[in-house]
Amino acid sequence: MPIFWSTERLTTPSSAEPGLMQLEQVLATSSAAETFKSAVRSYCQTGSADHIQVDGFAPRIKVRRVLTQVLATQPDLPIERIAVRARSGCSDFVGTVQVHTAGETRVFEFVWDCRWRAEQEGWTDCFGFPDQIRAAQEYDWRCFLRWEPAGRPS
């Protein structure tokens, strides 16, 4: 992925960001409400949106990965809104997401962990540690060590 230097920060052109392109592909096949799909796009651009509640602080990219996972694993669910409650570490993002439709709420427990993915792939960096950066870049939202329903739908 090309990286360009500016005097303010390191940036990547949005057209080269595979995570956003994959999200668009997942959105295209999702039965989620159009208002929710619009909220997902808005959240990815601004870090906030109606229909997406994030309790506490969570990096936008990690929430985007959860959004993509929800949409990819629940393509037939007419999602109207979600609420994420999680803690973000250096290599992980651990918590729950409540997925709301007009008729039910489903809750999923998750662990997104790029260190785990790097270990699974046998990737190490120049210091011999798991190459978390490579795993996060190449697998993006597919670094979920755990993704499972938390109880029954309500």
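This report walks through salt bridges in the structure above.

The model is predicted, so local features need pLDDT of at least 70 and side-chain atom pairs count only at pLDDT 80 or more, while totals for chains, interfaces and linings use all residues. Residues are numbered from 1 along each chain as its sequence is written, and side-chain values use heavy atoms, leaving out hydrogens and water.

A salt bridge here is a side-chain nitrogen of Lys or Arg within 4 Å of a carboxyl oxygen of Asp or Glu. By this rule, the count is 12. Three of them are listed here, including the separation along the chain:

| Pair | Closest N and O atoms | Separation |
|---|---|---|
| Arg85 and Asp55 | 3.4 Å | 30 residues |
| Arg64 and Asp140 | 2.9 Å | 76 residues |
| Asp140 and Arg65 | 3.1 Å | 75 residues |

Let's start with the strands (DSSP runs of E, at least two residues, numbered from the N terminus). Arg85 sits in strand 4 (residues 81–88), and its partner Asp55 in strand 3 (residues 52–55). Arg85 is exposed, at 54% relative accessible area, whereas Asp55 is partly exposed at 26%. Exposed means over 50%, buried under 20% and partly exposed in between, with a 1.4 Å probe and protein chains only.

Now for Asp140, which lies in the loop between helix 5 (132–139) and strand 7 (144–149). Helices are DSSP runs of H or I, at least four residues. Asp140 pairs with Arg64 of helix 3 (residues 60–73) and with Arg65, also in helix 3. Asp140 is buried at 6% relative accessible area, Arg65 is buried at 7%, and Arg64 is buried too. Through shared partners, salt bridges join Arg64, Arg65 and Asp140 into one network.
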